[in-house]
Amino acid sequence: MDRIVILDAGGQYTHLIARNVRELGVYSEIVEFAAAGERSKGAKGIIISGGPRSVLEADSPRLDRSFFEKLRWPALGICYGHQLLAYALGGEIKPGLIREYGHAALNIRKPGSLLRGLGRREPVWVSHGDTVVRPPEGFQILASTADCEIAAMGDPHRKFYGVQFHPEVIHTPRGKQVLRNFVRHVCGCQPTWSAKRQVGKFVREIREKAKGRPVLFLVSGGVDSTVAFVLCVKALGRKRVQGIYVDTGLMRKDETNLFKDRMARLGYDNIDVLDRSDSFLGPLRHVSEPERKRKIIGEAFVAVYHELFKSWSGKGDSWMLGQGTIYPDTIESGGTAHAALIKTHHNRVPEIQELQKQDRLIEPIHQLYKDEVRQLGRRLGLPKTILGRLPFPGPGLAIRCLATSKDQAVSALTLPKEIRGQLGVSAYRLPVRSVGVQGDSRTYAHTAVLTGRLSFAQLGELSSAITNKIREINRVAWLVASRPDADVLQARIVRSELTHARLDLLREADATVNEAIENLIARCEIWQCPVVLLPLRWREGETVVIRPVSSRDGMTANFSHLPSAPLRRLARRLLNIRGIDAVLYDVTNKPPGTIEWE
Ligand code: XMP
């Protein structure tokens, strides 16, 4: 069987490369740099991923000239990999001249083997600071963007190629063609690999891992943990898997009852509900820093595990803990050797890592992406009411309910003239910060608020330009509606906590938004729609942010464009809720924003 090796420089999209290659019918595996020489033996080609480091840093992941000189098969470098290829073979790299994030237009100069089948100008997705300014000897420039002369290069003789853009993400529409060209035509791989028998493979793996031990499985009501749980039950039988649903007090409206009823109807009555909302909400109340929140939630979950283990201790300590962790959860926590920390997921706290070391952790779907989990769920016969739910993060509403310890004023934001253009747009800077991701690294920066009559196309352009050019801004939101006579400059970020009342307000707003967009999900390709409560006070109430995004798996995302009439109706309904003064619409893609605000 033909095999492609993907060398992981710690990029967030490394597994997307692997999956794209598998979807082309070619087996692929991800390998650490340290094992590159050994594990790439017998491969048909290698792909070097993107990563958060700069090749100019002494301790960044490296491959030297001799590695490439000895290589007998083709190589493709992507983003960091492209720069590494150029650097190792004697090209020149310039650090951070221009920060290029988001969409760019690729102008193709040589539509040869790597870029064959593409138009002369193709939209691509980029996220980088360093730039290749001179290719190594023997390489030709294949394509450029406005900000990056060497956006693709190749040495057809040695079959080495590099692309600065990311062909593996969905926002590079013809990216798959580039990967197909490399894998099928440059490397000559045959499409013989198929994942059809995945259910059988997962079941075997679970049995091998469990070695007869029973499993305490944490279910959250979401798609991932439900599919993983059902898979575990299929592998080990109902008697050996005990589902535990922890009510953290951070769930959506009516979540607990709905989930329990749905599962019971499917015959899964082996799920206990534990109400531990006090132990989550108590310690979270005064906390606003995102990583602290996640730690507290992780610890509260661990306290529940300890409690559970204790109550099962009569059965010995050979219990395993089951979780529905999926791949993005591990990579964004710095789960691979070179990945930068974006945010900590509660299913990767030290106590869980300890269980992992003791071989007491079972995560049946930890290498899958959300859409693959759904496919698997369909094969397992789960209904649309479960599989069609919009993704909801483990830490729940805690990361969508923002709090802050002091009052702060909103200030006017001066946009550079080239950004403002002819549009009658006013911009403001919110003092509160949210999490973002740029160039594979985490940011924690401010949000710009735009007001004025703007189309989504204009908002998209403004949003990219602002986050590219103004370093302190990683997110842009548009003011859809506010109470009459409410003025942005008089609105204030107010001292606030994570209280029951604020969570109830957010739950109400979230339920209102979800109901209103139900019919728009397919039409607007909405993959997820977080609703955020922001302590931005205009008169008596706060601000709700709606964040509909389209995505394939949450790794990258585009903000969705809701049609104006339903959006206006939704804003009116939200303003009818007592305690809500204004509605903002997040118009940031990922990168540079993340999907959640935190
Ligand atoms: P971000 O905000 O990083 O989110 O762009 C990407 C996707 O991951 C979800 N998410 C989580 N899911 N536990 C989860 O199960 C978590 O701690 C967590 N944090 C983020 C998020 O909702 C989005 O779908």
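Two strands count as paired if DSSP finds at least two bridges between them; helices (H or I, at least four residues) and strands (E, at least two) are DSSP runs, numbered from the N terminus. In this predicted model, local features need pLDDT of at least 70 and side-chain atom pairs count only at pLDDT 80 or more, while totals for chains, interfaces and linings use all residues. Residues are numbered from 1 along each chain as its sequence is written, and side-chain values use heavy atoms, with hydrogens and water left out.

**Sheet**
- An open sheet of 3 strands has the order β17-β22-β24, with antiparallel pairing.
- Its edge strands, β17 (408-409) and β24 (536-537), each pair on one side only.
- β17 is joined to β22 (residues 492-493) by 2 bridges, and Gln408 has Ile493 as its bridge partner in β22.

**Helix α4**
- Of the 9 residues of α4 (residues 80-88), 8 are buried (under 20% relative accessible area; exposed is over 50%, partly exposed in between; 1.4 Å probe, protein chains only), so the helix is largely enclosed by the rest of the structure.
- Among the buried residues are Tyr80, His82 and Leu85.
- Gly90, which follows α4, has a positive phi near 100°.

**Salt bridges**
- With a side-chain nitrogen of Lys or Arg within 4 Å of a carboxyl oxygen of Asp or Glu as the criterion, the count is 31.
- Arg285 and Glu497 form one, with closest N and O atoms 2.9 Å apart; Arg285 lies in the loop between α9 (277-284) and α10 (290-311) and Glu497 in the loop between β22 and α17 (500-517), so the pair ties together parts 212 residues apart in sequence.
- Arg285 is partly exposed at 36% relative accessibility, whereas Glu497 is buried at 17%.
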